[in-house]
Amino acid sequence: MARVGIESWPVLRQLTGTDRLGRGEAARSKRTDALVARTEQADRVVSSVCPYCAVGCGQKVYVKDEKVIQIEGDPESPISRGRLCPKGSASKQLVTSPGRQTTVLYRRPYGTEWEPLALDDAMDMIADRVIEARRQGWEDTSGGKPVRRTMGIASLGGATLDNEENYLIKKFWSALGAIQIENQARI
Amino acid sequence: MAECHPVGFQWVMEAKARGAKVFHIDPRFTRTSAVAHRHVPVRAGSDIVLLGALVNHVLSGGHDFRDYVLNYTNAAAIINEDFKDTEDLDGLFSGYDPEKREYNPTTWGYDSASEEPASGRRDESSRAPDLSAGDLSHEHGPGATYEATPSQTGRAPYRDDTLEHPRCVYQVLKRHFARYTPELVEDVCGISPADFGEIAEAIVANSGRERTTAFVYSVGWTQHTVGAQYIRTASILQLLLGNIGRPGGGILALRGHASIQGSTDIPTLYNLLPGYLPMPYAHEHEDLDTYLERAAGDTGFWGNKRAYMVSLLKAWWGDAATEDNDFCFDYLPRLTGDHGTYQTVLDQIAGKVKGYFLMGENPAVGSAGGRMQRQGLASVDWLVVRDLNLIESATFWKDSPEIASGETTAEEIGTEVFFLPAASHVEKGGTFTNTQRLLQWHHKALEPPADARSDLWFMYHLGLRIRERLSGSADPIDRPVLDLTWDYPEEGPQRDPSAAAVLKEINGYDADGNTLSGFTALKDDGTTACGCWIYSGSYADDVNQTARRKPGAEQSWVAPEWGWAWPANRRILYNRASADPEGRPWSDRKAYVWWDGEQWTGHDVPDFEKKKPPSYVPPPDAKAQDAIGGADPFIMQTDGKGWLFVPKGLVDGPLPAHYEPHESPVDNPLYGQQTNPVRQVFPRKGNRYNPVGGEVFPYAFTTYRLTEHHTAGGMSRFLPYLSELQPEMFCEVSPALAAERGLVNGGWATIITARTAIEARVLVTDRIRPLRIRGRTVHQIGLPYHWGSAGIVRGDSANDLLPIVLDANTHIQESKAATCDIRPGRRPQGAALPALVRRYRRIAGIPED
């Protein structure tokens, strides 16, 4: 309902209308009526799971113009029934936080500052170092018993990694003979 | 739970609304306490006394659920006559070797020479060469050979169904816990007999046919030098009360990370292969057969271990794995002891580790002994950190506390550091396994920015590059890398490997490439491949079962069509115990699964063979599941029973006994043995320990999380919203301690241990109550551990205060109970900080670093 002039004043509508507490119709404006939740403007909504604790709350991720514009609880989840805690509610900032580091950084030995490095170069350098450290730390035997392993490489993973990621980590490091492959689950 | 698992806590509130009584037992008053019927403060590190006294209450009052206990547990089993209890040996069990600081567990076994007639069968394995016992652990130190989850004791032992034989488990238990009385609880835990009585009466009144009691715990139970035994004590209590395998029962671990359960199931843990198969240890002549002999028992579902293992080897090495070459079993590297994360850090400092990968982990803040952690990082040749933000473990070389104090400089640290940005959870598809074993697929919503990539991408492409470099190598050490199956379909602009294809491999497929329906389809002849047997079925019928999202409102209260739970989509483990031995629900209101005359059915997928009748009696030579009787619910155990007494599998005793934390303000009133005799200690420079009691470090402290932050802060301190909500490191102290030490609310305090000193804002609060312990007042200090030197909000790290001292079963650190001093004011800066700590060490008589 379009209002003009003095009739549009909320206080007047509150006093003269039925909304005496001013918390409903009397408080509405043209701007209010034109507001649309940004979740309604999303190009797509993708089902996800909260990445913090292990309750596993359902999330709905709202994407517009290839940017995450909102993350909300998924009411269909029988686990969380639409709720998210402060961390889950803040998880959009995991994606969009301005402080997020999105490019590769390199610190040379004894260096005092970060330097930029191309991802492709970093991958090559890491591959070379893995092969070298693997050989340096290689043991055919230990205490006279065959072990066929390397003590030169170790890994510690967080517990917000996907199962598929952990699977490739365990599979590849084991094939390389690395045994010091650990996880937050020990901690 | 309301603080750290807030959304899960809604179900506690639902239960409360339906009449459940809620107790919160915790050193501090939290939002959980605020809505519980009763908050009972406890001294950190004393829970075995409390739980043991509850066990004693149940046993001495005859409150156990006798039908359940007799049929479903090993209460009737008779124990070796050479077994000696802590009650006989002043805090030690029989078999202790003080030189090696470890147990030989052979006397803890079931009796195989008893005159009592066996109602079951003979313990065959006890007469076979004992491959699992102390002889091997002597080679490798504690824990070396006990990594297999399954028991290795074979079939049911001699029993006394009257439970009166003096050496039957029930009587052993009764004697063992007799001194765990309400008076001891008051003396050690600081809980009044009245409060104890209320808990004891409530759990007894709410257990049995009609009712169940649940225990919920988190790392407050695991991060101790007796952590595994905390859980064991609760297991004993819950088995005695008949609260395992039933709806509303259980001992529920609330795990703190989205897929920390998955990280254990598909382990990035040194001692495990996927699905809790043990990593092989080094032996002179070890082949697949001898490995399997040691890996698990032959009876119960572990009896199919060969099918699980061969299918794993086929998943990894494909066509190269054949019957003739033992399915490439020799490709697996071998263990020789503890290779856990703390041992690795010590090895880094010793110069043994060249390269280190941190993938979503921030040990510089999140692991005990922060100084040691950072020293480890500074000691490796190169370090790869993959994370969303520039966490302290990536930036330690320029902003660590040791740089600030002038103990070291960037110019002295030779570590080459690669920081590779990670994709967030919405920028990749994959599964998390939540705390109830539920796998849930999260879909990829968009591409990650700039150089950010998933860890799946990183491992896959690193693997491609390494394989390319090694291709053509004739060196036999490169065969496992080159023969590895590593050919996942690629997707999208960044050539991401298909996560669904990886999950399919985890699920398993047959020789024709068809996805397997579940672990019962696995074969031991090499015709099936399966990356993790317990996850088999997650991609059954070529459908990603973990992505199922039928709305909760449109299905039963068990919600079996939301995600997929291992094993076989069973939501409550061992749920056959929800029915009586004849297969009838214990009561109508607690009905869950039952035998309908032809098969097992009910609200959940039965955790039992569907067609095995309750009357089934195994033939004497039966193997695997055929050896499990129709009334034995614990199908992973060799005897199908829940173990009140653990004959094998634990390195620190078959029963829980109270030992004080390594750093404790008081002595142990129960035994001359003050602490767990086999706990792992590492006395050395940088890891000095506070003496027991004494005036220098008179206060107990415990660490914990806040709702608004996540562990070491990598996913919270870098987010504006969460930083604003919880901006500053603080310590919680009682008004009495504040008065004693002159601490002012809102002011600063310095907390000191033999390792270092940190500063924190002071929160003077009644939420932490002083307790009366061993005739004196013990003050506890609460410390959240989220902060570090980087991020939007910064502060000192509580973990820097902690020593490295570990549970020998799990190699997990004791970070929930230690001692300290506290004084008002900020800590000294620069060189004055290590000087202060040195002064404390000198006064306490601790060796100089």
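User: In which sense do strand 13 and strand 18 of chain B pair, and over how many bridges?
Analyst: Strand 13 (residues 438–442) and strand 18 of chain B pair in the antiparallel sense, over two bridges. Two strands count as paired if DSSP finds at least two bridges between them. Strands are DSSP runs of E with at least two residues, helices are runs of H or I with at least four, and both are numbered from the N terminus. This is a predicted model, where local features need pLDDT of at least 70 and side-chain atom pairs count only at pLDDT 80 or more, while totals for chains, interfaces and linings use all residues. Residues are numbered from 1 along each chain as its sequence is written, and chains are lettered from A and ligands numbered from 1 in the order in which they are written.

User: Which residue is the bridge partner of Leu439(B) in strand 18?
Analyst: Trp564(B).

User: What is the strand order in that sheet, and which strands stand at the edges?
Analyst: The sheet is open, with three antiparallel strands in the order 12-13-18. Strand 12 (430–433) and strand 18 (564–565) of chain B stand at the edges. Each has a single partner strand, so one side of each is left without a neighbour in the sheet.

User: Which helix packs on the sheet?
Analyst: Helix 6 (residues 163–176) of chain A does, touching strand 12 and strand 13 of chain B. Its direction makes about 95 degrees with that of strand 12 of chain B. Axes here are lines fitted to C-alpha atoms, for helices over the stretch in contact, and angles run from 0 to 180 degrees between N-to-C directions.

User: Which strands of the two chains are joined by five bridges?
Analyst: Strand 7 (residues 145–157) of chain A and strand 9 (residues 355–359) of chain B, which run parallel. There, Ala154(A) has Tyr356(B) as its bridge partner.

User: Now chain A alone. How is it divided?
Analyst: Into domain 1 (5–34), domain 2 (38–96) and domain 3 (137–186). Those bounds come from an automatic or database domain assignment. The centres of domain 1 and domain 3 of chain A, taken over C-alpha atoms, are separated by 67 Å.

User: What about a sheet in chain A?
Analyst: Three strands form an open antiparallel sheet in the order 1-2-3. Its edge strands are strand 1 (44–49) and strand 3 (67–73) of chain A. The twist averages 30 degrees from one strand to the next. Six bridges join strand 1 to strand 2 (residues 58–64) of chain A. Val45(A) stands opposite Tyr62(A) in strand 2.

User: Back to chain B. Why does its radius of gyration agree with a compact globule?
Analyst: With 849 residues, a compact globule would have a radius near 29 Å, and chain B has 27 Å, which agrees. The radius is taken over C-alpha atoms, and the globule rule is 2.2 Å times the number of residues to the power 0.38.

User: How many helices and strands does chain B have?
Analyst: There are 24 helices and 30 strands in chain B.

How values were computed:
Contact = placed C-beta atoms within 7 Å.
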